[in-house]
Amino acid sequence: MDVLSRAVMCFCLMGWMTLGWSNAAQYTSINMKSNIDKLKVHYKISKDQLFNGNPVFPKDTFEDSERRVLMSVVLDVYLSIFSQMLNQTGDQEMIESLKYVKGKIQDLQKHYFLGRIPELRTHLQNLWAIETSDTTVQGKALSEFITIYEKASKLALKFHLKKDNRRKRRQAQRLKSHIM
């Protein structure tokens, strides 16, 4: 490889690395990290407790639409955790940090996630509480089944078409890039 080719390759590599790193998502502000660090010091737990193999919020394998609902609930759980912590502390610095973090979570929820979490939670709890062994429930469920099945099928098709369209766009982009 000649010197010019090496220089061009080096320049391209540096540009790619710079763009890649600058585009890396950093959504957590320094102020947020600072408040969380203060809280971690105050609410310190042992390494054995921290790394016991059982995370509070396990990794998920859901689709984006499902993740949005799930993340809304996770943020709601965090609000509940931080509210409990607020009620249990008298330390003014911890109170300020907890209020700051709670405010940021509430802003995030309000602007980007489902605002109807309490309604959704109530609806899900009602569904999980259905007495599936009750014959009246079974009869009603049978009479509602076709309507529910049609809605579920329509929703499944909608997601399938969306996924299929994304796949077609990616294929078209790959084909376009190979042609050029």
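Does Lys-38 count as buried, partly exposed or exposed, and what is its relative accessibility? Lys-38 counts as partly exposed, because its relative accessibility is 33%, where buried means under 20% relative accessible area, exposed means over 50%, and partly exposed lies in between, with a 1.4 Å probe and protein chains only.

Before I go on, a word on the source: this is a predicted model, in which local features need pLDDT of at least 70, side-chain atom pairs count only at pLDDT 80 or more, and totals for chains, interfaces and linings use all residues. Residues are numbered from 1 along each chain as its sequence is written, and side-chain values use heavy atoms, with hydrogens and water left out.

Lys-38 forms a salt bridge with Glu-93, the closest N and O atoms being 3.8 Å apart, under a rule that asks for a side-chain nitrogen of Lys or Arg within 4 Å of a carboxyl oxygen of Asp or Glu. The pair links distant parts of the chain, with Lys-38 in helix α2 and Glu-93 in helix α5, 55 residues apart. Glu-93 also counts as partly exposed, at 41% relative accessibility, and the count by this rule comes to one salt bridge.

As for the fold, the chain has seven helices and zero strands, these being DSSP runs numbered from the N terminus, H or I of at least four residues for helices and E of at least two for strands. Of the 180 residues of the chain, 13% count as buried.

Turning to aromatic side chains, the structure holds two aromatic pairs. The rings of Phe-145 and Tyr-149 have their centres 5.5 Å apart and their planes at 35 degrees, so this pair is tilted; rings of Phe, Tyr and Trp (its six-membered ring) pair if their centres lie within 6.5 Å, with planes under 30 degrees apart counted as stacked, over 60 as edge-to-face and the rest as tilted. Phe-145 and Tyr-149 are separated by about one helical turn, because they are four residues apart in helix α7, residues 135–179. Phe-145 is partly exposed at a relative accessible area of 45%, and Tyr-149 is partly exposed at 48%.

On a 1 Å grid over the protein atoms alone, a pocket is an open set of points where a 1.4 Å probe fits, with protein on both sides within 12 Å along at least five of seven lines, and lining residues have an atom within 4 Å of a point. Of the 34 residues that line this pocket, the closest to its centre are Ile-36, Lys-40, Tyr-78, Phe-82 and Val-101.
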